[in-house]
Amino acid sequence: MDQPITVIAVIPRYSRTARYNVFGKVRMPPVGPVAVLSQIAHEPGIHAYAIDENNYGGPQDADGLPDHSFLQARDPARIALFYGGMTNAFPRLLALAKQYKGFGAATVAGGSHVDALPEEALRSGIDVVVHGEGEETMKELLPLLLLPSDERALRLAQVAGISFLDAKQDVVFTGKRALVNKLDLLVPTDLTLIKHLGKRWSTIPINRGRGCRFKCEFCVVNKQYGDYKCATPQHAFHDLVRYVDLGYHHFFFTDDNFTQDVEGTLELCQLIGDYKREFSKNVRLFVQVRSELATSDKLIAALRYAGVKDLAIGFESPINEELRAMRKGVTAELLAARARKLSEHFYIHGMFIFGYPTFKDSAYKSTMTLKERAKTYRRFFKASRIDTMQVFNAIPLPGSELRARLEKEGRVLPLAQAGWEQYDGMFLTYDPSPEGYDAQELEALPRMLMRERYLGRNFLESYVNYGNWANWAFNSTVGFPIMFSAFYAKRFVRNLLEARKRKAAEDALLPRRNIFSDSLVKAWTDVKRQWRNLMIKTYAGGLQRSWNREYRMIMSMQRAGNPTI
Ligand code: B12
Ligand code: SF4
């Protein structure tokens, strides 16, 4: 009997500092490569599985990395797929590609980094780079990858949307492929294909839609997918139910803006909300949105009904000139007002870029010094009432317009100076000196803002996490009744003022409460928010210190000329 053909998909380990990034601690696999693998996993004669190196509990090699020689000896893969969507993990991808080429496997990579820069991958052990969405391309590629290499090269030229090296070692790009038309028709993404897990996933990613109608200069989403398109609400709902049945409760919708398809979002939220109530399911959703959500009470009510508790919002900057330069399509004043409104209903995680670069021909430039900018950020964090935040340096992501403009002015640092592993927002990977900024100061300020936020500003707070522990002691003793009474009084007054302004949309979905009980519930919510944020602050404070330690170590390794991945 013929042996099945093994296909392995590997999600390469994030870079060292990215692992200490607040996101590095979320145990959630990327959906893209698993979506691709799912399309071929159930083909007859195929045995497919995936390894997520960021959540791996199988045998390890001497460096503590997944032992691919062991995996290969146990179950030899003839085809190896790699997730190339995260630039900071690209050096690891190349090491893996080399290893799997050594095993004799055909190697394929896809994702936004290799999509933009296929050549380096192709010259370092990857046979085929898949551009754009990989699901349909992979189905077409699968039989070709099993052909002998001379025959394969001829046939590859007929597959749209890929790059490979021809016999003369020249890069061949077969042309743009049409985007996937109907996402509903794809085989659902099967995350159980990921094996040898270290720990159970903390959050399950669901991808309903791809693309974005905005075109922010630093982002690659519109470049890779164009305008937003999405699966039907029913399709996304069934995806979610499948994982609830497996015992998962926390979900992250990976759409860059969850509410982009307004009618579909309302329907999806209704489906999830009804399901939660009819089947007594505890489902908690984390979604990414733009601040415009604040302008629709109907959407806010729908999201709450579905169980959305947390919103991630890309505020990017509280400085109008920077927002204009980025083409963010919103002003700082609007951002603050909208965030304040949304914070009444959700926990808000704000994402920021610090010191956005401008160019010789930029129409919008801020004249603030870096210190003045830092002050403006601090004021904004307070005024917008966001709960948690991350501040990063601008990343010149491959494929973005920002990178192209920096390259045009010769300002992207050479890889020998700032390698791909440093593209996680923690490092400055471009030269800010033409704008008159000091690179070290600019690189340090985002970290300082985060440290202040999570650890406090003075020495004791910053170095022993003293402030957070003092708050714990206060909140769990005399602070509790004081806080509760203060929150109750505040809520009661606000409720009195707002009683007449309640919109019909929210009333239709959420039961009306009287002003006394509503103030009680909201005061309790405020207390919970205080506790929750303190918990995150304490945890993030610890993370922040490890991160700084790691950063210092990387810097000294770099100075000594050692590799840092
Ligand atoms: C969800 C998400 C996250 C999640 C989870 C990570 C993940 N990879 O899923 C979290 C919140 C953790 C996260 C964190 C970060 N993220 Co993020 N994230 C996303 C987001 C919004 C959605 C990803 C997704 O699900 N897409 C939908 C799937 C279906 O598309 P896809 O992944 O592109 O996959 C398709 C194709 O690329 C291709 N494909 C992908 N892999 C493969 C493999 C093979 C073999 C083939 C054939 C094809 C193929 O086929 C897939 C299906 O069509 C994207 C933006 C976006 N819309 O893609 C940013 C994005 C991936 N993130 C980005 C960045 C920069 C980050 C951070 C560095 C931000 C920061 N400074 O902290 C961190 C890094 C975290 C870390 N520890 O390293 C960038 C990456 C760009 C880059 N070149 O590095 C993106 C593109 C956004 C942007 N700014 O432009 N992110
Ligand atoms: S940053 Fe967000 S809003 Fe802007 S283009 Fe990217 S996905 Fe769209």
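Visitor: Where is Arg385 found?
Guide: Keep in mind that this is a predicted model. Arg385 lies in the loop between H15 and strand S15 (388-393).

Visitor: What is phi of Arg385 near?
Guide: Start with the general idea. Most residues other than glycine have a negative phi. Phi of Arg385 is near 60°, a positive value in a residue other than glycine. With a relative accessible area of 40%, Arg385 is partly exposed.

Visitor: Which loop holds Arg327?
Guide: The loop between helix H13 (320-326) and helix H14 (332-342). Arg327 has a positive phi near 65°, and is not a glycine. Arg327 counts as partly exposed because its relative accessibility is 35%, and the exposed class begins over 50%.

Visitor: Which residue follows H12, and what is its phi near?
Guide: Gly307 follows H12, with a positive phi near 100°.

Visitor: How many residues of helix H12 are buried?
Guide: Eight of ten, in a helix that spans residues 297-306 and is mostly covered. The buried residues of H12 include Leu299, Ile300, Leu303 and Tyr305. Asp297 is also one of the buried residues.

Visitor: How should I read the protein as a whole?
Guide: Count its elements, then its burial, then its contacts. The protein has 22 helices and 15 strands. Of its 565 residues, 54% count as buried. Take contacts between residues at least 6 apart in sequence: 75% of them join residues at least 24 apart.

Visitor: Which residues touch the most other members of the largest nonpolar core?
Guide: General idea: in soluble globular proteins, nonpolar side chains tend to be buried together. Here the largest nonpolar core has 134 residues, and Phe82, Phe251, Phe253 and Leu311 touch the most other members.

Visitor: What does Leu311 touch, leaving out residues up to four places away in sequence?
Guide: Among them are Phe286, Val287, Val289 and Leu293. Leu303, Leu342, Phe346 and Tyr347 are also among the residues that Leu311 touches.

Visitor: How many aromatic pairs does the structure hold?
Guide: It holds 16. Read each pair by two values: the distance between ring centres and the angle between planes. Phe315 and Phe352 form a stacked pair, 5.5 Å centre to centre with 10° between the planes. This pair links distant parts of the chain: Phe315 is in strand S13 (residues 308-316) and Phe352 in strand S14 (residues 347-354), 37 residues apart. Phe315 and Phe352 are both buried.

Visitor: And what kind of aromatic pair do Tyr377 and Phe381 form?
Guide: An edge-to-face pair, 6.3 Å centre to centre with 75° between the planes. An α-helix has 3.6 residues a turn, so residues three or four places apart point the same way. Tyr377 and Phe381 are four residues apart in helix H15 (residues 370-384), so about one helical turn separates them. Tyr377 and Phe381 are both buried.

Visitor: Which residues form one aromatic cluster with these rings?
Guide: The cluster is Phe315, Phe352, Phe354, Tyr377, Phe380 and Phe381.

Visitor: Where is Gly350 found?
Guide: In strand S14. Gly350 is buried, with a relative accessible area of 0%. Gly350 and Ala312 are 38 residues apart in sequence but 6.0 Å apart in space, C-alpha to C-alpha. Beyond its neighbours within four places in sequence, Gly350 contacts Ile313, Phe315, Ile386, Thr388, Met389 and Gln390.

Visitor: Which residues are around ligand 2?
Guide: Cys212, Phe214, Cys216, Phe218, Cys219, Asp256, Arg290 and Lys328. By class, this shell has five nonpolar, no polar and three charged residues.

Visitor: Over which ring does the charged end of Arg290 sit?
Guide: Over the ring of Phe214, 3.5 Å from its centre. Elsewhere, the charged end of Arg200 sits over the ring of Tyr248, 4.0 Å from its centre.

Note on methods. Residues are numbered from 1 along each chain as its sequence is written. Chains are lettered from A and ligands numbered from 1 in the order in which they are written. This is a predicted model: local features need pLDDT of at least 70, side-chain atom pairs count only at pLDDT 80 or more; totals for chains, interfaces and linings use all residues. Side-chain values use heavy atoms; hydrogens and water are left out. A residue is near a molecule or strand if one of its heavy atoms lies within 4 Å of it. Ala, Val, Leu, Ile, Met, Phe, Trp, Tyr, Cys and Pro count as nonpolar, Asp, Glu, Lys and Arg as charged, and the others, Gly among them, as polar. A nonpolar core is a set of buried Ala, Val, Leu, Ile, Met, Phe, Trp, Tyr and Cys residues joined through side-chain atoms within 4.5 Å. Buried means under 20% relative accessible area, exposed over 50%, partly exposed in between (1.4 Å probe, protein chains only). Contact means heavy atoms within 4.5 Å. Rings of Phe, Tyr and Trp (its six-membered ring) pair if their centres lie within 6.5 Å; planes under 30 degrees apart count as stacked, over 60 as edge-to-face and the rest as tilted. Helices (H or I, at least four residues) and strands (E, at least two) are DSSP runs, numbered from the N terminus. A charge sits over a ring if NZ of Lys or CZ of Arg is within 6 Å of the ring centre and within 35 degrees of the ring normal.
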